[in-house]
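Dear colleague,

I am handing over the structure below, together with a short account of what was found in it. Please keep it open beside the text as you read.

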Amino acid sequence: MGFLDGASSLLRFPGERLKLLAWHTQEYVRLAGRAAVGLVTRPFYGRDFIVQLDAVGVGSLGIVFLTGLFTGMVLALQSAVEMEQFGATIYIGRLVGASTVRELGPVLTALMVSGRAGSGIAAELGAMRVTEQIDALQTMAVDPVRKLVVPRLAACLLAIPLLTIVTDLVAIFGGLLIAVVKLDLTFDLYMRSVYQTLAQTGFILRYVPIDFVMGLVKPMFFGAIIALTACHFGMRAEGGTEGVGRAATGSVVTASILILATDYFLTQILIALLIQ
Amino acid sequence: MTASGHPDPVIQLRGVRLSFGGRPVLDGIDLVVDPGETVCILGGSGAGKSTVLRLILGLIQPEEGEIIVNGREMGTASYEEVLEIRLDMGMVFQGAALFDSLTVLDNVGFYLFEHTDLSDAEIRQRVEDALEMVDLDPAEVIGLLPSELSGGMRKRVGLARALIHEPKLLLYDEPTSGLDPITTRTIDELIRKLQRELGVTSVVVTHDLDSAFRIADRLALLSEGKIVFEGSVEDMKSSDESYVREFLA
């Protein structure tokens, strides 16, 4: 009997997990829908938006700067090891430029901001949930989605693309440092190499490289993922301070996986739309 | 006409059932609250007292039964309608639930900032009046953050926030828990004053018997998901029912 009970609970376990996953997905989609409506209909909470833009955008500048710098430097160093064998170090700018603008810039920026600002949003809203502050908002006839979620979503939608530009530029600069100081390339040679790779896939509106556009479309999706995931976990936190911690962790893990998965599918779609 | 005899009660709960994780919390409760009345809901920890308030506010929905507030059914109302119904309600939370990042001025004036076109100066004046009503010195506390207030002060700020828009219905969740006897009596007197002077209808959830006897027009005792006693303070004190005697002991 005991064995059968154990087996039945083992069989039941995946079912419970699936039910929970389905519930989270349903609530996530519902939150996304309500937040999207909130972005384009009144009331707008302008002051909250500015506060969040400062927290997510300005607050993440330092971490994004360091991420870009060291990523660019390490890319240049690693590629130099291989390229020196073929006497192709002059193409280091191509490698740093392409991998940064197309992939590493958007993805690393999103992952770093998710870890820093996303966890902060989840913890803040989680603390508001467990101390009944979100209930207090509702009892005062204020919609928490409009007051709390929409300003954070709008801030992430604007801040993540801007931060990605910072990461891209700093990473290219990091690669330049290594190219000039360690590999004896000239500034001109390195930058021309970066330009060539960005020009290779063509331009939109004559002057804007397609790679750059691809690199900015993705961060908008990533921004939505970071904000919605953090708000979803935060607003459903329960179980006191432990629950707040779980919300922050769950938010970062889920957002990171969603960012990486979305990156793959978005890349497929953007290549099909813009390059082929 | 309802069971209470009043033609137009503020709150009606009819056959309300609710369970959490398969455990029944409310098992078919009926409760009517008339205008201007103060009803105290008593019961032990985990009896479902606070759940009743959350149901009245429409924060959660019952599995069965009806909740009618000011003549409108909360279960069938749209989200926007529920928000509109809440405009005439105020809630005092057990832990005050003040917004951590806002000063006392912004906390107490929150409703007016959100829902009225009053100027900042007018709102400040209303906030000062509300703080004075709960026996707080505006000059002393208006610029402070919630973290800089004592427990009693937080409760009073929470009360000021709930009454600033002069709601017709005030809900209190353990308004005196964790307070010293003097502050408890002050809060009790305030609840009575609001009823006398503003004719506010109140539902007070508490496990503090002394406090309940001071403020209640009617008492409802909740046990194992049911209302096992309903009546006046005198009725309760003279009741021979075993569960009432046990609760009073």
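In the model, which is predicted, Gln12(B) stands opposite Ile68(B) in E4(B). These two residues belong to a pairing in which strand E1 (residues 11-20) and strand E4 (residues 64-69) of chain B run antiparallel and are joined by 5 bridges; strands are DSSP runs of at least two residues and helices (H or I) runs of at least four, numbered from the N terminus, and two strands count as paired if DSSP finds at least two bridges between them. The sheet around them is open and antiparallel, with 4 strands of chain B in the order E2-E1-E4-E5, and its edges are strand E2 (23-33) and strand E5 (72-73), each of which pairs on one side only.

A word on conventions: residues are numbered from 1 along each chain as its sequence is written, while chains are lettered from A and ligands numbered from 1 in the order in which they are written. Because this is a predicted model, local features need pLDDT of at least 70 and side-chain atom pairs count only at pLDDT 80 or more, whereas totals for chains, interfaces and linings use all residues.

Strand E8 of chain B (residues 201-205) is largely enclosed by the rest of the structure, because 5 of its 5 residues are buried, that is, each has 20 or more other C-beta atoms, placed from the backbone, within 10 Å of its own. In a regular strand the side chains alternate between the two faces of the sheet. In E8(B) both faces are covered, with Thr201(B), Val203(B) and Val205(B) buried on one side and Ser202(B) and Val204(B) buried on the other.

E8(B) pairs in the parallel sense with strand E3 (residues 38-43) of chain B over 4 bridges, and likewise in the parallel sense with strand E7 (residues 169-173) of chain B over 5 bridges. Ser202(B) in E8(B) stands opposite Thr38(B) and also opposite Leu170(B).

For chain B as a whole, there are 11 helices and 10 strands, and buried residues make up 43% of its 249 residues. The C-alpha atoms of chain B fill a box of roughly 50 × 40 × 35 Å along the principal axes.

Finally, the contact between the chains takes 11 residues from chain A and 15 residues from chain B, two residues being in contact if their C-beta atoms, placed from the backbone, lie within 7 Å.

With best regards

Conventions
Buried ≥ 20, exposed ≤ 12 C-beta atoms within 10 Å, placed from the backbone.
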